Amino acid sequence: MERADKGLAFMLQYENVAWYEEGAVKVLDRRIYPAEKKFVICRSVPEVALAIKDMVTQSTGPYTLAPMGMALAAWECRDKSPAEQKAHLEEASMIISTSRPTTRKRMAMLTESCIPVALKAAEEGRRADEAVRDHVVEMNNARYNRVRQAARYLVEKFPEGGTVMTQCYAETILGMMLLECRERGNHIRLFCPETRPYFQGARFTSTVCHEMGFDTTLITDNMPAFVMAKEHVDVFTCAADAISCDGYVFNKVGTSQIAICAKHFGIPVYVSGAPDIGHPTYDTVTIEMRDPDFVLQAMGVRTAEEGVKGYYPAFDMTPPELITGIVTNKGIFAPGELDGYFSDGMPYELTV
């Protein structure tokens, strides 16, 4: 079966996100990429959870790393009884999926799906770790293909040669959006806010956009309003770490203020992702607060005086009235009409 990461940038290749092999999971260290291309090696389930918590990978990277960690868990319990294997896998799923609170429900769906795969393989005398890894590749193929369908809907909203502003690193939808534009011959221009304090826009988004051959300009996080006014931005688009069923979007901090600017200038806002059936209302989502000291520096260089305090919410909430549409593999939905996503009776599908 042809892999769905074909033709995408380095960061979007499965092996360059996270990959299990012989009792270890390697994960691209996004804390230093693209200045250095190094991999962190995880040799235990707690090390996988720590890599997610410490943002060795982020955006949708954890959605590959988490189930790859379950392949490692299957390796760890390979010599145990069936009952012990089940208990070990369930504990591993809990440890990995709870490593970051805002995305806990999404990651649990992935890690829990690996448990019956591993148990069935062990029962049949096959290697459970390799069976789980193959399962992750199949899940990635399915997810990438769903995202490709969402990208088709999204790109239809881009005028020919238009100007698009992004936020943070939208990972798979970014790559598929660019691939779709390239195949259609739509040479869009991109403006990427840097996304402090972690600089995902600077280090990841702009790198992927440039690597895939598009006119890419990096801006600081306090420039979106000026750029919208002076550079004729046509569309603002981002992904989401969570979308509650009442139409609120939770994405990298800074998204809401860009959406406010877009509303002021009459620029449509399209958010890619699927509504989370586990989050019926916005108040069921936990905003992760990260180490405030990280705000006091830039890529390891301190920028604030000793004694100054930092404040670091990882995400913010954008209300439905600022959002033009939620882009999914099933079409584009108004934020107040997300029930339509589930109208065909199909379960929630991860589409980020």
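I started at Pro 34, which I found in the loop between E2 and E3; here helices (H or I, at least four residues) and strands (E, at least two) are DSSP runs numbered from the N terminus. The model is a predicted one, in which local features need pLDDT of at least 70 and side-chain atom pairs count only at pLDDT 80 or more, while totals for chains, interfaces and linings use all residues. Residues are numbered from 1 along each chain as its sequence is written, and side-chain values use heavy atoms, with hydrogens and water left out.

**Entry on the E2–E3 loop.** I looked at the peptide bond between Tyr 33 and Pro 34 and noted that it is cis, with omega at about 5°. In the loop between strand E2 (24-28) and strand E3 (39-42) I also found Ile 32. Ile 32 counts as partly exposed because its relative accessibility is 27%, where buried means under 20% relative accessible area, exposed means over 50%, and partly exposed lies in between (1.4 Å probe, protein chains only). Leaving out residues up to four places away in sequence, Ile 32 touches Lys 38 and Arg 203, a contact being heavy atoms within 4.5 Å. I also noted a separation of 13 Å between the C-alpha atoms of Ile 32 and Asp 54, which are 22 residues apart along the chain.

**Entry on other backbone features.** I found a cis peptide bond between Arg 196 and Pro 197, again with omega at about 5°, and placed Pro 197 in the loop between strand E5 (189-193) and helix H7 (200-211). Most residues other than glycine have a negative phi, and most peptide bonds are trans. With that in mind I looked up Glu 22, a residue other than glycine with a positive phi near 50°; Glu 22 sits in the loop between strand E1 (18-21) and E2 and is partly exposed, at 45% relative accessibility. Ser 59, not a glycine either, has a positive phi of about 60° and belongs to the loop between helix H1 (45-53) and helix H2 (62-76). Is Ser 59 buried or exposed? Ser 59 is buried, because its relative accessible area is 18%.

**Entry on the whole protein.** I recorded nine helices and 15 strands, and a box of roughly 65 × 55 × 40 Å, along the principal axes, that the C-alpha atoms fill. A compact globule of 352 residues would have a radius of gyration near 20 Å, and the protein, at 20 Å, agrees; this radius is taken over C-alpha atoms, and the globule rule is 2.2 Å times the number of residues to the power 0.38. Buried residues account for 57% of the 352. Of the contacts between residues at least 6 apart in sequence, 72% join residues at least 24 apart.

**Entry on the cores.** In soluble globular proteins, nonpolar side chains tend to be buried together. I therefore looked for nonpolar cores, meaning sets of buried Ala, Val, Leu, Ile, Met, Phe, Trp, Tyr and Cys residues joined through side-chain atoms within 4.5 Å. Which residues touch the most other members of the largest nonpolar core? In this core of 76 residues they are Phe 158, Met 177, Leu 178, Ile 188, Leu 190 and Val 208. H5 gives the most to this core, with 12 residues. A second, separate core has 25 residues, including Met 165, Met 228, Ala 240 and Phe 333. Beyond its neighbours within four places in sequence, Val 208 is in contact with Ala 9, Met 11, Leu 12, Tyr 169, Leu 174 and Leu 178.

**Entry on two further loops.** I placed Gly 161 in the loop between helix H5 (128-155) and strand E4 (163-165); Gly 161 is partly exposed, at 43% relative accessibility. Its contacts, apart from neighbours within four places in sequence, are Asn 186, His 187 and Ile 188. Asp 241, in the loop between strand E7 (235-238) and strand E8 (242-243), is buried, at 13% relative accessibility. Not counting residues up to four places away in sequence, the residues that Asp 241 touches include Tyr 63, Thr 103, Arg 106 and Phe 315.

**Entry on H9.** I listed the buried residues of helix H9 (residues 255-265) as Thr 255, Ser 256, Ile 258, Ala 259, Cys 261 and Ala 262. Just after H9, I noted that Gly 266 takes a positive phi of about 70°.
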